[in-house]
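Please keep the sequence and the structure in view while reading.

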Amino acid sequence: MPDSHIENSVEKSSGKQALRFSLVLASLGVVFGDIGTSPLYALRECFSGNHAIPILRDNILGCVSLIFWLIFLIVCIKYVALLMKADNKGEGGIMALMALIDRISPVAKKYKVLISLCGIIGAALLCSDAVLTPVVSVLSAVEGLKVIAPAFERFVVPISVIVLISLFIIQSKGTVKVGMLFGPIILVWFLTIGIIGVFTIFRNFEILFALNPYYAIKMLINNPHNALMIIGTAILSVTGAEVLYADMGHFGKRPIQTAWFAIVFPSLVLNYMGQGAFLLSGAETADNIFFRIAPSWFVFPLVIIATLATAIASQAVITGIFSLLRQAVQLGFWPRLRIIHTSAHTIGQVFIPSANWLLCIATVLLVIVFQKSSSFASAYGIAVTATMLLTTIMAIFVARQVWKAPKPLILFVWVFFVILNAVLFAATMTKVVAGGWVVITFAAILSSLMYTWVVGRKMLGRRFASEAVPLNLFIADIVNLKPIRVKGIAVFLSANVGGTPRPLLHNYKHNKVIHETTIIVNLQNVDVPTVSRHDRAEVTDHGHGIIQVLLKFGFMETPDVPRILSKISLPVHFDQMQVTYFLGKERLVVSRKKSMFIWQKHVFRYLAHNSLDATTFFGLPSNRVVELGMQIDL
């Protein structure tokens, strides 16, 4: 082989390795912040929360063992090893999983309503968790200042608010830029907590017995009245697992899997072991145990690193919510939102301003009102365990229909995880009265809004379909009546493939004219993340100046109609300066028709009124858009 070819191969190989390393580093800063900062509070709450257990040898070994096996079973096995294979063309999360099942599984048609409800409830639960995660993480880190000096306590809330606001401000920079900025910091964080854990383990090697699940089982048996409470607290150690799955589309499964097994998992285990060894060495309290295992001279730098890491921890949840909301919009589960693409190369990287600032306001208010991270221990974890259970149930469809796994294997593996997740969910439900009702209430309200939107859209869709005039009859009417044809190109947007767009009928009825070139654009959302350029458009020339274009978009895409029309092959020259876009502007009126509950009608009308206008969502030039109003009785 010539030397030049060898050099090119080496350069390509090194380039791929550099890209792979950069993705691993960026994924650290975006994906693993949430689960990576759980050592700040997970073990602490077992011994210092409202239902704390005594700091005894068997309890210490049992709690550390329980945390280790929860991380191993739920994160390593279920999410990183198994569920990351259940991607919908590279995208993860409960919405992508729902779309994958609906697209591939023939059984899904029979259980379509059930699967849709699982997706809706899971998405609502993740959104409610997104409000709590930044608050718990940041407050837990900044509270480390009290270890240095009690006088710093009055600065905890102001510093936490500043950190949170700063985090939300930089979201518009994009996932990759934020990830490359945060990646090195999180790498330092994991190396730091791992090293601190190693040195603390030397205090008492007996903690290594915690790797044996026997101690977790023994501890739960010895504390029968508090067993569910203990499990409900230990679950805090895996709260970032579901968001880890949802963030898969930002970087791909391989970089995330590499980062987890090479860096994140070992560091977490070593730190939890170190905290356990410290307690075994005679500690009388578990308050701020994470900072107490560090050398006294390193506490202040550790507080700074922890504060940065917990700010980054919120990043995993925020980017996961952006991905989730975008999928929900495209799949028809939420009204249109303004979605900004932050990468020209990776379509999954988006920024949603409205969601970003609503989360910012909610987290800041929670910090100001509650002021202590322990105040959230009663509410934290319910949303995560519920979503985990729903994800596991939906994954059974994937295992059987997509992976073609044998039934005995499904019964053994997935039923085990269903039972495990059901136990974890039951454990967190013990927190309902103590504060978990806030999360459940928020998720219930959001689920109701999503369900109402879905039901309302289906109702309007059925009504439009029943009232639609078949396109072939409309064309025949034009041929017979020969109306005046005006110059230019008129584009009518419609979701009904077989019918005549309502704006076209209204324009013809009132203005008595038809443009020389009339393009009917049917927009269809499909349950895949992205649609290839070859499958994007289907063009049908009906003659007489009527052209029909079917455009397909995946649930991870935001349609830019003018750009796509200018790139596809049409029977006529598509001159942007001669195009007028016609849209229908529906005015919804609540009536006494028994199509939905009255409260649902009011909610649906409100959501429709406040959704992003079609002109902006479809990328239409506002100075070339004509809206034709019409009233619709709900």
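## A residue to begin with

Does Leu208 count as buried, partly exposed or exposed? Leu208 has 40% relative accessibility, so it counts as partly exposed (buried means under 20% relative accessible area, exposed over 50%, and partly exposed in between, with a 1.4 Å probe and protein chains only). Leu208 is found in the loop between α9 (175–201) and α10 (213–222).

This is a predicted model, in which local features need pLDDT of at least 70, side-chain atom pairs count only at pLDDT 80 or more, and totals for chains, interfaces and linings use all residues. Residues are numbered from 1 along each chain as its sequence is written, and side-chain values use heavy atoms, with hydrogens and water left out.

## The chain as a whole

The chain has 25 helices and eight strands (DSSP runs numbered from the N terminus: H or I of at least four residues for helices, E of at least two for strands). Of its 634 residues, 56% are buried.

## The nonpolar cores

A nonpolar core is a set of buried Ala, Val, Leu, Ile, Met, Phe, Trp, Tyr and Cys residues joined through side-chain atoms within 4.5 Å. The largest one holds 186 residues, and Phe32, Ile74, Phe190, Ile207, Trp260 and Val491 touch the most other members. Helix α6 (residues 112–142) gives the largest share of this core, 17 residues. Another core, of 13 residues, lies apart from it and includes Leu471, Ile475, Tyr508 and Ile520.

Beyond its neighbours within four places in sequence, Trp260 is in contact (heavy atoms within 4.5 Å) with residues including Phe32, Ile35, Ile71 and Phe265.

Ser267 lies in helix α14 (residues 253–280). Ser267 counts as buried because its relative accessibility is 7%. Residues up to four places away in sequence aside, Ser267 touches Phe190, Leu191, Ile193 and Gly194.

Helix α18 (residues 382–402) has 21 residues and spans 30 Å from its first C-alpha to its last, close to the expected 30 Å (1.5 Å times one less than the number of residues). Of the 21 residues of α18, 17 are buried, so this helix is largely enclosed by the rest of the structure. Lys404, which follows α18, has a positive phi, near 55°.
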